Amino acid sequence: MTAMTAEQRGDLAEAMLPVAAHLAVLVHGDGGPEDVADVLAGLDNAQRDALVVVLAGLVDPEQPMGRALGWLDRNEHGALTVPNWGDTTPLRDLVPDEPVDDDYVDMVAVRLYLKGTKVTVTDAEFLVVLEHAAAQDVLLPELDRRQGMPVGENAKRVNRLRKAYQRSGRQMPAALVADGKQAEFTNAQVVEIRERYAAGGVTDLELSLMYGRSRKSISALLSGASYQNAGGPIRAPRAAKPKDASRTGFAGHTGPAPVLDVARAS
């Protein structure tokens, strides 16, 4: 199908819709394996590919497995061969996990996604999007709004990635912390962050991106407003704004501005 134009692929998919409906009827009780084999035998490779796409398009990946598969027969022992009607696990969770580590990250795509430009990002890029969003205090509903998505779409993707990490036993990235809550820093992490800042050459924003937290949380940590007893060098308070007298002296005046004697001037 790769040599076809988009219009040709669309026409072929539309032509396969009756075949997909026929297969659905056969599988749901009006036929058997031989009938399905007969239908498939009459298709070439391009038609088979299109049929697979149409059949997949007919299935809602968010519906529970019980609703999607609960109609299947029981085995010889009387047990359901698939999850029963009461199983609310979505079909999406049956999809094999794809690796999300060590993928190439296109920072242009990340920045465009954050700005709201319609662009597809990989899971690895999406994690970076979440890190930058956290650093800028941009919540998931705001990402939905910028992308013109229904509310909750980015949260769904976060949940899918979180489950993938949990199933594989990998350490959960800070960007996937549940419900937008920031995970607590350990004392060792607090000391590390404060020492990084004290060494110079790094900003609050850069630290927030390194650790997947908001810039506000990093600033509070550095100033000692949070984790007061964790250790590490506390950032000195910022210098106060110059007083009026200092501003006057800097401008070349040594005393208060002269008062104009209106009566004498006249």
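**Salt bridges and a buried helix side**

Visitor: Is Arg 146 buried, partly exposed or exposed?
Guide: Arg 146 counts as partly exposed, because its relative accessibility is 27%. Buried means under 20% relative accessible area, exposed means over 50%, and partly exposed lies in between (1.4 Å probe, protein chains only). Bear in mind that this is a predicted model, where local features need pLDDT of at least 70, side-chain atom pairs count only at pLDDT 80 or more, and totals for chains, interfaces and linings use all residues. Residues are numbered from 1 along each chain as its sequence is written, and side-chain values use heavy atoms, leaving out hydrogens and water.

Visitor: Thanks! Which residue does Arg 146 form a salt bridge with?
Guide: Its partner is Glu 142, with the closest N and O atoms 2.9 Å apart. A salt bridge here is a side-chain nitrogen of Lys or Arg within 4 Å of a carboxyl oxygen of Asp or Glu.

Visitor: What about Arg 145, which residue does its side chain meet?
Guide: Glu 142 again, in a salt bridge of 2.7 Å, N to O. They lie 3 residues apart in helix 7, which spans residues 140-147. Arg 145 counts as exposed because its relative accessibility is 57%, while Glu 142, at 24%, counts as partly exposed.

Visitor: How many salt bridges does the whole structure have?
Guide: A search of the whole structure turns up 6. One of them pairs Glu 153 with Lys 156, at 3.5 Å, N to O. Those two are 3 residues apart in helix 8 (residues 153-168), so about one helical turn separates them. Glu 153 is partly exposed at 29%, and Lys 156 is partly exposed at 38%.

Visitor: Which residues do shared partners join into one network?
Guide: That would be Glu 142, Arg 145 and Arg 146, joined by salt bridges that share partners.

Visitor: New topic: which residues of helix 10 are buried?
Guide: In helix 10 (residues 204-211), the buried ones are Asp 204, Leu 207, Ser 208 and Tyr 211. They lie on the same side of the helix, because they cover an arc of only 105° around its axis. The arc is taken from the directions from the helix axis to the C-beta atoms.

Visitor: What covers them?
Guide: The cover includes helix 6 (123-135), helix 9 (187-199) and helix 11 (215-223). Contact there means heavy atoms within 4.5 Å.

Conventions:
Helices (H or I, at least four residues) and strands (E, at least two) are DSSP runs, numbered from the N terminus.
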